[in-house]
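The sequence and model come first.

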Amino acid sequence: MVDNQGTLNRIRVVDLSHGCAGAIAAGLLADFGADVIALRRPTQACTPEDVMWDRAKRLIFAEPQEASVRRDLKRLVEGCDVLIYDRPVSPSDPTCDMATGGEDSGRIDLFLAAYLAGPTPWSGCTESSELLHALGGLARFQTSYSGRPVDAVYPYLTTAHGIWAATTAVAALIERERTGRGQRVTVGGAHATALFAGYLLTRDAAAPDPDRGVGPAGLNPMYTRYRGADGRWFFVGALGPKFAASVLKQTDSLHLLDDPRVGRLDRLWGLDNYRWVIDYFAELYVTQPAQYWVSELESCDVPCTLLQDRETWF
């Protein structure tokens, strides 16, 4: 049950998933007190992300093809509250007969589909943050030197997939307390993409696409790099209204909001304004050394840092 403290300390979760999203979903449930038992195949590569998301779980290292392992897993699955898996039920999967709980069992079967409920529209049918990034249009909204689509450095869509799956699992558990019935919940990677980047899917079709061939500076004047008077570069990470407002206040730039082209905070990084706003801040920041601005912005909790040169970075 979910207790009145919002914890899951009487919930048992069995994680049979193969990918990162399933591990993240199970890891979040473990963070809130669930007893999570996760199957890890001995041949499965271990990454730093696996170590992070498996930190609060009990791990079983075994091959599910072995009959004795399958019997033990089946007993665990039959007694659990939430089963997490990310491969479609098929005879080729040795754990396929375990994901058949349904409403009468009282169990929540959480299926993290790589795409949606149907066939994955790419070879392999496994999770791929990069392909979701391309399919959902996010790759078209990355800046580059050429303006061509680029992949994200971090697979944040996989993370969003796991977070949303954990959220739906808790919702299903709460529903089970009311009805006493389990259910099968399908959360697709495309769901996560739509949730994370819905603003891209609701754009004005008549609005022109901005020029993406702007290099590493980016299109948001509050989330980009600038050069100080000493020639050193620094990055301002004022992403979102809270940090953007702090930057304006700390740099005596609140008058920008009085400009008839702006009027409200989010229009500072609108397509009509971002270029001249970037130029404004570039002229402002070049009046003092980079470390001065880093100290000023950090004093009001704005993420900001000096940038290393290429030789130091490599």
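The model is predicted, so local features need pLDDT of at least 70 and side-chain atom pairs count only at pLDDT 80 or more, while totals for chains, interfaces and linings use all residues. Residues are numbered from 1 along each chain as its sequence is written, and side-chain values use heavy atoms, with hydrogens and water left out.

The protein chain holds 12 helices and nine strands; helices (H or I, at least four residues) and strands (E, at least two) are DSSP runs, numbered from the N terminus. Its C-alpha trace spans about 70 × 45 × 45 Å along the principal axes. Of its 314 residues, 42% count as buried, meaning under 20% relative accessible area with a 1.4 Å probe, protein chains only. Among contacts (heavy atoms within 4.5 Å) with a separation of 6 or more, 62% join residues 24 or more positions apart.

Three strands form an open sheet in the order S7-S8-S9, with antiparallel pairing; strands pair if DSSP finds at least two bridges between them. Because S7 (223–227) and S9 (304–306) each have a single partner strand, one side of each is left without a neighbour in the sheet. Neighbouring strands are turned by 20° against each other on average, direction ignored. Five bridges link S7 with S8 (residues 233–237), and Arg 227 stands opposite Trp 233 in S8. Helix H10 lies across S7 and S8, at about 40° to S7; axes are lines fitted to C-alpha atoms, for helices over the stretch in contact, and angles run from 0 to 180 degrees between N-to-C directions.

The largest pocket contains about 2100 Å³ of space. A pocket is an open set of points on a 1 Å grid over the protein atoms alone, where a 1.4 Å probe fits, with protein on both sides within 12 Å along at least five of seven lines; lining residues have an atom within 4 Å of a point. Of its 50 lining residues, Phe 141, Thr 143, Gly 218, Leu 219 and Tyr 223 are closest to the centre. S7 gives the most to the lining, with three residues.

| Lining class | Count |
|---|---|
| Nonpolar | 27 residues |
| Polar | 11 residues |

Leu 268 lies in the loop between H9 (241–250) and H10 (274–285). Leu 268 counts as buried because its relative accessibility is 0%. Beyond four places in sequence, Leu 268 touches residues including Pro 221, Leu 248 and Val 277.

Methods: Buried < 20%, exposed > 50% of the residue type's maximum accessible area, 1.4 Å probe, protein only. Points joined across faces, edges and corners; volume = space filled by probe spheres on them. Nonpolar A, V, L, I, M, F, W, Y, C, P; charged D, E, K, R; others polar.
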